[in-house]
Amino acid sequence: MPQPLQYLKETPSQTAGPYVHIGLAPAAAGFDIYRRELGTQIAPEDTPGTRVRIEGRVIDGMGAAVKDVMIEIWQADANGIYPHPDDPRHADAAPGFRGFGRVIPDFDSGDFAIETIKPGPVPMKGGTVAAPHLNLWLVARGINLGLNTRLYFGDEDNSADPVLNLVEQDHRRRTLIAEKTADGVYRFDIRLQGDNETVFLDV
Amino acid sequence: MTTELYQRDRWWHPPALTPDYKTSVARSPRLAQLSLQGGVCELTGPTFGHGDIDAIDNNLIVNYAKTGDAIGERILVHGRVLDEDARPVPDTLVEIWQANAGGRYRHKKDHYLAPIDPNFGGCGRTLTDAQGRYHFLTIKPGAYPWRNWVNNWRPAHIHVSVFGTSFAQRLITQMYFEGDPLIAHCPIVKSIPDPKAIDTLIAPLDLNAAAPLDHLAYKFDIVLRGRRSTLFENRPEGS
């Protein structure tokens, strides 16, 4: 027998279930308990940058809206800086910018809206540049392990983005791009399964 | 400086499609995921501080009290958040939510006939300390029925959400209680293929941490993905 490896195993995931809002967004569940809910504001009103609103739905394999999903957002500021010590430029992040948000759809329609600023391009190690994007993480009843994906903007130049260029099929690449529908407004539907299934990421 | 994470062991986690858990059938992607070598976008993540939460937020027996304490079995749930190298994860946000002692959630979509406890909200949150430790005082949740098969009952469980230091460590799971016979009958538990992995979600009774004449205790350690130490930096990141 070789020497044993001493690593621990990651705690296995379980679905967030139908009542995820109680813990992570209690106001949406219909009660008021915390002085302050987390993730309600990705970028305060005075954050530098272009304000955008992204409207969409999460859709299951039968075409029905997933009304009990929770989406988390993690994004850079308008200069492409993440407010986290592991971003080499973090000292220059916009003051007060959290970059983190939680979005719950309307329980009746399934429509969600993300209100934030458009992030800037992010310089990557090795000299590539990531096109402006939001990192998204979805949990819901029926989803055993949270799903990672990204949201890019249809009015940006996404041609050199290293992640989009890893997607072999052009029509699948388009599942990650929010289309502009009005000034500062974009449409982004996430399809969990079937036709035009969104590209999900193993990060 | 960003360091990559160990590859997530997707044979250890539940797969997306687990048909005995019926809701997974229409909510699981059919196509393969795109694997990324993590870059700054995933290896950073939100940070939280004591200004975000209140000291009372980790005491579910009193944090929604209106006329008195919540009713049920008083328990301490405590443990550590570690990474796969057994290093503590300090200052990270741990959030929990759960049903009350009768298995009823305080949620407008829960219509189970067991009553709401007027003094129990069912959610809590805290930050780990410098050694990665956390604790909650709460009521042991009850089992409850759910519409999967006609006679499916969830074992008593507490939902647990942890951030770690990067968005790619984000994890939501469920903690179960030692000795609960329903664990072996639950399609959500059995979405995890390896019985050894299921065991890591079962919190043992911890009499050493109980407070005599006050509350019992259960211990639940949480392990997040470890970070690869880069001994030779010879390739650019793929994203």
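This is a predicted model: local features need pLDDT of at least 70, side-chain atom pairs count only at pLDDT 80 or more; totals for chains, interfaces and linings use all residues.

I call it a contact when heavy atoms lie within 4.5 Å. By that rule B:Pro115 touches B:Asn100 and B:Arg104, leaving aside residues up to four places away in sequence.

Residues are numbered from 1 along each chain as its sequence is written, chains are lettered from A and ligands numbered from 1 in the order in which they are written, and side-chain values use heavy atoms, with hydrogens and water left out.

**Entry 1: B:Pro115**
I placed B:Pro115 in the loop between β3 (93-97) and β4 (123-127) of chain B; helices (H or I, at least four residues) and strands (E, at least two) are DSSP runs, numbered from the N terminus. Buried or exposed? B:Pro115 is exposed, at 60% relative accessible area. My cut-offs are under 20% for buried, over 50% for exposed and partly exposed in between (1.4 Å probe, protein chains only). From B:Pro115 to B:Tyr105 I get 9.1 Å, C-alpha to C-alpha, across 10 residues of sequence.

**Entry 2: positive phi**
B:Ala86 is not a glycine, yet its phi is positive, about 65°. I found B:Ala86 in the loop between β2 (74-83) and β3 of chain B, partly exposed at 40%. B:Asp91 has a positive phi too, near 55°. B:Asp91 is in the loop between β2 and β3 of chain B, and counts as exposed at 51%.

**Entry 3: chain A against chain B**
I looked up the contact: 81 residues come from chain A and 95 residues from chain B. The two chains bury about 7,800 Å² between them, 57% of it on carbon and sulfur atoms; buried area is the accessible area (1.4 Å probe) that two parts lose on being put together, summed over both. A:Glu10, A:Gln14 and A:Asp202 supply 11% of what chain A buries against chain B, more than any other three residues.

I count 11 salt bridges between chain A and chain B, each a side-chain nitrogen of Lys or Arg within 4 Å of a carboxyl oxygen of Asp or Glu. One of them joins B:Arg170 to A:Glu72 at 2.6 Å, N to O.

**Entry 4: strands across the chains**
β13 (201-202) of chain A and β1 (residues 34-35) of chain B run parallel, joined by 2 bridges; strands pair if DSSP finds at least two bridges between them. Here A:Leu201 stands opposite B:Leu34.
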